[in-house]
Amino acid sequence: MDLYIPIIVLGVLAFGFAGFSVVMGALSGPKRWNKAKLEAYECGIEPTPQPVGGGRFPVKYYLTAMLFIVFDIEIIFLYPWAVAFNRFAGWFGLIEMVLFIATVLVAYAYIWRRGGLEWD
Amino acid sequence: MTTLDVVFVLLGVVAVGAAVLVVTTRQLVHAALWLVVSFGALAGGYLMLTAEFVAWVQVLIYVGAVVVLLLFGIMLTRAPIGRSADLDSGNRWAALAVALATAGVLVTVLVRGFRTAYAPLDVAGQGAAKPLGESVFRIWVLPFEVLSVLLLAALVGAIVLSRREI
Amino acid sequence: MTGSAVLNTVAIGDIQAPHLEYGQLGPMLLVFGVAVLGVLVEALVGRGWRQFIQVPLTFAGLAGAFVWILVLGVKDKPLHVAAEGAVGVDAPTLFLQGTILVLALVSLLLIADRQNGAFTPQASALPGSDAEREGIASGTVQSELYPLMLFAVGGMMLFTAANDLLTMFVALEVMSLPLYIMCGLARRRRLLSQEAAVKYFLLGAFSSAFFLYGTALLYGYAGSVRLSDIATATGNNAGSEPLLLAGIALLSVGLLFKLGAVPFQAWKPDVYQGAPTPVTALMASCTLVAAVGATLRVFYVALENMSWDWRPMMWGVAILTMLVGAIIAITQTDLKRMLAYSSIAHAGFLLTGVIATSQAGLSGTLFYLAAYGFTTIGAFAVITMVRDAGGEAGHLSRWAGLGKRSPVVAGVFAFFLLAFAGIPLTSGFTGKFAVFKAAIDGGATPLVVVGVISSAIAAFFYLRVIVVMFFSEPAADGPAVVTTIPTAAAVALGATVTVVLGVLPQPMLDVAGQAASHLFVR
């Protein structure tokens with residue numbers, strides 16, 4: 001468990017800093033409410049009005065989410081592979097991982113050719 | 001009770017409490033966010049049991065990706081954002097009975113099965129990245145490679161179901 | 001886990017490369033490889049050419065894998081566990097994999113038959129929208145179908161071969177995921193098809209969770225997910241009983257769901273009806289073979305010492321499956337739904353062979369699977385041929401008098417139905433006889449009595465269809481029979497095998513008997 005103490009300390013510091021910033025901002029900053037201040041993103045560009053009752057987002061967001069989850073799963077396997085890498089005798093570890101990534105890359109090629117990466 | 005026991009029990013309470021809120025809240029988005037809390041507490045539990053890689057998988061895949069997919073699903077469908085009465089099912093008492101019965105059976109099985117089980121918490125466990133890496137890339141190489149095929153099939157399916165221009 | 005053995009050493013480069021028997025894994029690797037190649041074709045080849053490349057490619061991949069299996073089977077060297085114990089390539093596995101491949105080849109004839117128009121040109125277009133009409137007008141097809149089918153077939157082959165529960169779970173997902181998508185691709189009645197896909201997906205994901213939970217509990221019991229280790233642990237009474245029993249129960253739920261056994265059958269009628277008929281044919285034959293194969297391996301290898309514990313449960317499931325399938329089928333008016341319930345009843349008959357847990361039970365089940373697979377593909381192929389303006393004429397009343405207008409088609413369909421009913425001189429009779437005989441030898445006589453009773457009930461509704469086809473007057477605007485070469489070939493193959501296995505079953509029984517002679521490897 002001693003291993004985790006630096007991580008826990010870092011976590012406490014991070015949460016502490018976040019909490020401190022929010023609380024201090026609320027306490028010390030001036031409070032002038034107007035329309036721009038109440039926008040979701042205070043960046044100067046008017047957001048597109050949302051349809052009443054939520055409405056639906058275009059289905060291309062779904063593809064983005066699917067891409068994210070698949071490549072997330074792919075990446076997660078790189079961790080144990082990297083940690084164990086110097087224990088592998090010979091090239092087999094590298095070959096296995098290249099084969100794995102190449103197969104998922106086929107999906108990438110397919111999506112790219114089908115315009116799945118274009119935002120129209 | 002050591003400090004570790006107390007922390008572990010607290011994490012468990014958070015996980016179960018958040019899970020109860022997932023099914024009782026009237027707001028769909030809140031349910032998804034409570035799921036994050038539940039998954040996060042579960043990841044903490046894995047970490048306490050020295051399964052650090054499993055904990056990271058829990059955070060990266062479940063908290064990071066699955067909940068994102070859930071939220072996207074809420075955005076893509078006409079699911080109500082905000083408080084809605086539809087989320088209250090008429091079957092809730094039956095559901096409660098089923099849930100309690102399932103929990104009762106599983107808790108009994110696990111308690112009776114693992115009452116005497118013991119795992120040392122002061123050394124790196126089997127759920128750390130290194131032992132997992134060593135067995136995945138040697139013993140489990142075939143299922144691992146087939147997993148890439150599964151990911152490929154999933155992405156092809158996603159494209160088939162969503163892209164207009166072919 | 002061997003991980004613990006190497007944990008304490010820190011030498012660099014001390015993990016040796018895994019030993020992979022490429023020769024024995026070849027058929028599976030070939031199917032997966034061709035599937036990946038198919039995705040590359042989708043990515044790199046222009047729209048007009050895809051179909052012309054995909055069909056021969058898929059055909060070559062499946063046929064090549066089948067030839068490979070034949071070579072492996074004929075060489076007859078002692079086959080054993082391969083790929084570090086992840087799969088067991090033994091005689092029953094080769095038989096099951098060969099059956100899956102042949103049935104997939106026949107299903108491919110239906111899937112590749114573009115003229116029957118079973119598949120939507122654009123899965124993403126909303127039903128009834130302009131985009132859908134444009135897609136139909138342009139005459140394109142969603143040729144991703146072929147790689148998806150290969151993924152599913154590869155997953156089925158791995159599912160029957162998996163020698164540990166983890167590999168089995170991965171294979172289960174590889175097999176199921178493409179099927180979920182393929183179910184939603186019907187051209188006609190899009191909403192029904194999409195509903196089928198969603199239902200199948202949700203229930204399938206739910207059952208996968210059961211399978212996984214059972215795997216986890218069995219791992220907790222035996223300390224390993226390998227089937228032979230679980231068998232050893234049950235032999236030594238090593239772990240805690242509740243874990244083992246709960247693990248068996250949950251694992252069985254996952255397996256029985258894929259089989260469509262009662263009470264996990266609810267998906268089958270909806271999915272079989274909603275899915276495009278060629279895909280239904282694929283599911284009714286190949287998926288059933290794979291599911292029964294994996295069930296056989298789990299119950300024959302991992303749980304062989306536990307048969308006193310699981311047998312009462314499986315008795316109940318088998319009796320319910322046979323009776324519920326046969327009784328509910330009587331009330332059906334849609335032919336695809338009726339065949340779905342018939343498939344549920346047949347899953348019950350197959351379970352009697354699983355319960356026998358003997359060499360005869362195994363060989364009888366293997367024969368039954370091959371025989372039933374061909375008959376069911378043939379029956380669904382006939383359904384694709386009988387069409388009216390709105391696509392397939394699935395309703396039973398539309399088939400009235402078909403025997404007077406198209407005696408050959410109606411006759412062949414009647415023959416398939418008689419084979420389902422298990423009339424002598426059809427393959428259905430031989431299969432049922434083999435399975436029931438093994439069950440009686442295994443001491444399951446009451447089960448066989450129930451089986452015979454439900455066969456009699458089932459015969460009632462098969463005969464009803466025959467009566468409707470031959471003894472009622474055809475309607476003026478009745479459906480037309482559209483014959484295309486690939487579909488006719490599938491029907492002919494199904495009918496030929498049904499006849500041959502009914503009249504001259506001995507060679508095939510010998511092959512199944514030889515395959516079962518050494519049971520499964522450990």
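This is a predicted model: local features need pLDDT of at least 70, side-chain atom pairs count only at pLDDT 80 or more; totals for chains, interfaces and linings use all residues.
User: Let's start with chain A. How many helices and strands are there in it?

Analyst: Chain A has three helices and zero strands. Read along the sequence, the pattern is α-α-α.

User: And how much of chain A counts as buried?

Analyst: 18% of the 120 residues of chain A count as buried.

User: Now chain B itself. Which elements does it have?

Analyst: Chain B has six helices and zero strands, running α-α-α-α-α-α from the N terminus on.

User: How does its radius of gyration sit against a compact globule?

Analyst: Chain B has a radius of gyration of 20 Å, but a compact globule of 166 residues would have one near 15 Å. Along the principal axes, the C-alpha atoms of chain B fill a box of roughly 50 × 45 × 25 Å.

User: What about burial in chain B, and what share of its contacts join residues at least 24 apart?

Analyst: Buried residues make up 33% of the 166 residues in chain B. As for contacts between residues at least 6 apart in sequence, 64% of those in chain B join residues at least 24 apart.

User: I'm looking at backbone angles. What is the phi of Thr50(B)?

Analyst: Thr50(B) has a positive phi of about 65°, although it is not a glycine. Thr50(B) lies in the loop between α2 (28-48) and α3 (52-76) of chain B.

User: Is Thr50(B) buried or exposed?

Analyst: Thr50(B) counts as buried because 21 other C-beta atoms lie within 10 Å, and the cut-off for buried is 20 or more.

User: Switching to chain C, what's the phi of Thr357(C) and where does that residue lie?

Analyst: Thr357(C) has a positive phi of about 35° and is not a glycine. Its place is the loop between α14 (335-356) and α15 (359-385) of chain C. Thr357(C) is buried, with 21 other C-beta atoms within 10 Å.

User: Which residues does the cis peptide bond in chain C join?

Analyst: Val262(C) and Pro263(C), with omega at about 5°. Pro263(C) lies in the loop between α10 and α11 of chain C.

User: You mentioned α11. At what angle does it cross α8 in chain C?

Analyst: The axes of α8 (residues 190-222) and α11 (residues 267-274) of chain C come within 8 Å and cross at roughly 140°. α8(C) passes α11(C) in a left-handed crossing. The residues making the contact include Leu192(C), Tyr200(C) and Leu203(C) of α8(C), and Trp267(C) and Val271(C) of α11(C). By class, that contact has six nonpolar, three polar and three charged residues.

User: How many residues do chains C and B each put into their contact?

Analyst: Chain C puts in 42 residues and chain B 29. Several helices of chain C each supply at least two residues to that side, among them α1 (3-7), α2 (22-44) and α6 (145-161). α7(C) gives the most, with nine residues. The chain C side divides into 28 nonpolar, ten polar and four charged residues.

User: Last one, Gly33(C). Where is it, and how far is its C-alpha atom from that of Met182(C)?

Analyst: Gly33(C) is in helix α2 of chain C. Gly33(C) and Met182(C) are 149 residues apart along the chain, and their C-alpha atoms are separated by 20 Å. Gly33(C) is partly exposed, with 17 other C-beta atoms within 10 Å.

Methods. Residues are numbered from 1 along each chain as its sequence is written. Chains are lettered from A and ligands numbered from 1 in the order in which they are written. Axes are lines fitted to C-alpha atoms, for helices over the stretch in contact, and angles run from 0 to 180 degrees between N-to-C directions. Helices (H or I, at least four residues) and strands (E, at least two) are DSSP runs, numbered from the N terminus. A crossing is left-handed if the near helix is turned anticlockwise from the far one by less than a right angle, and right-handed if clockwise. Two residues are in contact if their C-beta atoms, placed from the backbone, lie within 7 Å. Ala, Val, Leu, Ile, Met, Phe, Trp, Tyr, Cys and Pro count as nonpolar, Asp, Glu, Lys and Arg as charged, and the others, Gly among them, as polar. The radius of gyration is taken over C-alpha atoms; the globule rule is 2.2 Å times the number of residues to the power 0.38. A residue is buried if 20 or more other C-beta atoms lie within 10 Å of its own, exposed if 12 or fewer, and partly exposed in between; C-beta atoms are placed from the backbone.
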